[in-house]
Amino acid sequence: MRKSIKTILSTGLAAAMALSMVACGSTGGNNNSSATSKPAASSAASSAAKPAGGAEGKVLNVQVWNEEFISRVTDHYPGYTKTDATSGKIGDVDVKFTITPTKDNAYQNNLDKLLPNNAKADANDKVDIFLIEADYALKYVDADANVAMKLSDVGITKDDLSDQYKYTQDIVTDKNGDMRASSWQACSAGLIYNRAIAKAVLGSDDPAEVQKAVADWGKYNETAAKMKAANYLMTATANDTFRVYSNNVSAPWVKDNKVTIDANIKKWVDDSKALVDAKETGTGDLWSDEWSAGFKAPGTVFCYFGPAWLINFSMGNAPGSDKGDDGSVAYQGGWGFCEGPQGYYWGGTWVCAANGTDNPTLVKEVIKTMTTDKAVLKDIAMKDSDCVNSKSVLKDLAGSADGNNKVLGGQNPYATLAAGAEKVNMSNTCPYDQGCNEAFQAAMKDYFTGTAASYDAAVQAFQKAVKEKYPSLTF
């Protein structure tokens, strides 16, 4: 899925619902060395392709914020027949996708309006499936809110989910230990570097050699100085590295209602301030033109930080793409991939069964097929270059040419991505992550650029912003 625009925490659901977390994305494409057709139906998919008989509904309503999941179902779900861009059929059941963009929090506002009264909605209007991002996952998998069904109540077992990465389950597990969503993606991430710049400055574009130059933050900062001396930026913006630091904190933003700035967050400030002052990185926002300028060949930015979806869906067309040469480093196969200073993750999309659905059988099969069926998941990885949520599929891809990526000059990144997914730790996430992260980065930008007189002044601005958003929190 393509990275969504910042989401603003909504208050429309029941007060018991928790708030949110971090972000993600991709759209569609074919950046691997080959692509496959829709896989043959497995036993699970075969039953899903039949009409959801009995007293179940005849319309499967799916709430989404973009076309990503639509394309995944269209391209990979056995038995799905496309009618038009937002509708199709599975057996005798009409499938209707409703797209509500995330801008101005519209997607969450729509869910907040529909989900609490879903059981009372007219049969053809009931929400059956809805998607969530890590940014606000805690809000919708909250046990007290109870708008997403427990997967066990849908009929999806722990054994069905046993091949998934633990962190993808932790993020959607409620306080009672029940999973309420499932994802086809494992969004572990790393350092994406410009191969030509690596050769020019470091003498090699080999991932193992580049990793040595960025193996920890000390070496990373030394390499940034070398890049500056050669007239390159290390990263386009200091915000590129924030998620790496914030994923490796020792405690959550909020504990016992008190907000604390973790030592690793403060380290990001200190390291970033030094890089900005040395003109080794910029201060632009992610997704801005300033940030993405380094995507264009030959490139002026050494590296970006991101997962598979950023490589394949945000950095330019793949070599040989039917979209043609867009002048990007990606089209030249000019990027490489390594772990970087610290492991981390970025994003992901989870599929929820809406409480009140009148299509529980088909909902079960769609979620189970799209997030656990190994043939379907490998097909997604092969065609869409997604890093899928299956340990065995990633192991298979890592050991064969099937996992080679054209954007990465033929490099196979799956062993690194799989190892990274095993290391992701969700124990320090909290419902206030998104709001605190956004407010902190905004305040520190003023510090980096000199708009704020000092770090302490920037912290005061951060505290003010958090207090406005979460009046009950203390410092």
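In the predicted model, Ile132 contacts Trp65, Ala137, Tyr140, Val141, Val172, Ala181, Gly348, Thr349, Trp350 and Cys352, with residues up to four places away in sequence left out of the list. Ile132 is also among the residues with the most contacts inside the largest nonpolar core, together with Phe69, Phe130, Trp335 and Met444. This core comprises 136 residues. Its largest share, seven residues, is contributed by helix α18 (residues 433-449).

The strands of the model include an open, seven-stranded sheet with mixed pairing, ordered β2-β3-β4-β1-β5-β13-β6. Strands β2 (80-84) and β6 (182-183) form the edges, each pairing on one side only. Between β1 and strand β4 (residues 93-99), six bridges are found in the parallel sense, and Leu60 lies opposite Val95 of β4. Strand β13 (residues 349-353) is antiparallel to β5, to which it is joined by five bridges; here Leu131 has Val351 of β13 as its bridge partner. The pairing of β13 with β6 is likewise antiparallel and consists of two bridges, with Ser182 placed opposite Val351.

Burial of β13 extends to five of its five residues. Thr349, Val351 and Ala353 are buried on one face, and Trp350 and Cys352 are buried on the other, so that both faces of the strand are covered. Of these residues, Thr349, Trp350 and Cys352 are included in the contacts of Ile132 described above.

Helix α3 (residues 106-114) has Tyr107, Gln108, Asn110, Leu111 and Asp112 as its buried residues. The elements that cover them include β1, β5 (129-133) and α4 (137-140). Asp112 forms a salt bridge with Lys139, with the closest N and O atoms 3.1 Å apart. This pair links helix α3 to helix α4 across 27 residues of the chain, and both Asp112 and Lys139 are buried.

The model contains 23 salt bridges in total. A further buried pair consists of Arg195 and Asp205, whose side chains meet at an N-to-O distance of 3.2 Å. Arg195 belongs to helix α7 (residues 195-202), whereas Asp205 lies in the loop between α7 and α8 (207-213), ten residues apart from it in the chain. The salt bridge between Lys445 and Asp285 has an N-to-O distance of 3.5 Å. Because Lys445 is located in helix α18 and Asp285 in the loop between α11 (263-277) and α12 (289-292), this pair ties together parts that are 160 residues apart in sequence. Lys445 is partly exposed, at 28% relative accessibility, and Asp285 is also partly exposed, with a relative accessible area of 40%.

Glu56 occupies the loop between α1 (43-48) and β1 (59-64). Although Glu56 is buried, no salt bridge is found for this residue, and Lys58, the nearest side chain of opposite charge, is 8.9 Å away. The Glu56 side chain instead makes a polar contact of 2.4 Å with the side chain of Thr361. Beyond four places in sequence, Glu56 touches Asp358, Asn359, Pro360, Thr361 and Leu362.

Technical notes
Residues are numbered from 1 along each chain as its sequence is written. This is a predicted model: local features need pLDDT of at least 70, side-chain atom pairs count only at pLDDT 80 or more; totals for chains, interfaces and linings use all residues. Side-chain values use heavy atoms; hydrogens and water are left out. Helices (H or I, at least four residues) and strands (E, at least two) are DSSP runs, numbered from the N terminus. Buried means under 20% relative accessible area, exposed over 50%, partly exposed in between (1.4 Å probe, protein chains only). Lys and Arg count as positive and Asp and Glu as negative; His and the chain ends are not counted. A salt bridge is a side-chain nitrogen of Lys or Arg within 4 Å of a carboxyl oxygen of Asp or Glu. A polar contact is a pair of N or O atoms within 3.5 Å; within protein, one must be able to donate a hydrogen and the other to accept it, and residues adjacent in sequence count only if both atoms are side-chain atoms. Contact means heavy atoms within 4.5 Å. A nonpolar core is a set of buried Ala, Val, Leu, Ile, Met, Phe, Trp, Tyr and Cys residues joined through side-chain atoms within 4.5 Å. Two strands pair if DSSP finds at least two bridges between them.
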